[in-house]
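Here are my notes on the model, point by point. Please read them with the structure open.

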Amino acid sequence: MELIVEGYVKLNDRDALENILAHRQDLLRQLVAVTGVDPQQAIAQVNEEITIIEAGLATLVPEQQS
């Protein structure tokens, strides 16, 4: 995930990073709702990926508001 985020940061592709972030946040919501198995390891991984994506987004130049 770090390499993917790094690539999008170099391309200054905020939309791609925001799409990945939204996907991971949705995945996290689904994992939290899982019953019958212990999803803690998967939840930890997704949380780590969200942190990486958010850090990448924080390095981008803010978009100009029109």
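1. Start with the contacts between H1 and H3. From H1, the residues involved are Glu2, Val5 and Val9. They meet Ile52, Ile53, Gly56 and Thr59 in H3. Bear in mind that this is a predicted model.

2. Next, the geometry of this pair. Two packed helices are described by the angle between their axes and the distance between the axes. For H1 and H3, the angle is about 15 degrees and the axes lie 10 Å apart. Angles under 35 degrees count as roughly parallel, so H1 is roughly parallel to H3. The crossing of H1 past H3 is right-handed.

3. Now the core. Which residues touch the most other members of the largest nonpolar core? They are Leu17, Ile53 and Leu57, out of 13 residues. H2 (14-32) and H3 (40-59) each supply at least two residues of this core. H3 gives the most, with six residues.

4. Look at leucine 17 in particular.

5. Finally, aspartate 13. This residue sits in the loop between H1 (2-10) and H2 (14-32). Its side chain reaches the backbone nitrogen of alanine 16 at 3.0 Å. Aspartate 38 is 25 residues from aspartate 13 in sequence and 35 Å from it in space, C-alpha to C-alpha.

Note on methods: Residues are numbered from 1 along each chain as its sequence is written. This is a predicted model: local features need pLDDT of at least 70, side-chain atom pairs count only at pLDDT 80 or more; totals for chains, interfaces and linings use all residues. Side-chain values use heavy atoms; hydrogens and water are left out. Helices (H or I, at least four residues) and strands (E, at least two) are DSSP runs, numbered from the N terminus. A polar contact is a pair of N or O atoms within 3.5 Å; within protein, one must be able to donate a hydrogen and the other to accept it, and residues adjacent in sequence count only if both atoms are side-chain atoms. A nonpolar core is a set of buried Ala, Val, Leu, Ile, Met, Phe, Trp, Tyr and Cys residues joined through side-chain atoms within 4.5 Å. Buried means under 20% relative accessible area, exposed over 50%, partly exposed in between (1.4 Å probe, protein chains only). Axes are lines fitted to C-alpha atoms, for helices over the stretch in contact, and angles run from 0 to 180 degrees between N-to-C directions. Angles under 35 degrees count as roughly parallel, over 145 as roughly antiparallel, 65 to 115 as roughly perpendicular and the rest as oblique. A crossing is left-handed if the near helix is turned anticlockwise from the far one by less than a right angle, and right-handed if clockwise. Contact means heavy atoms within 4.5 Å.
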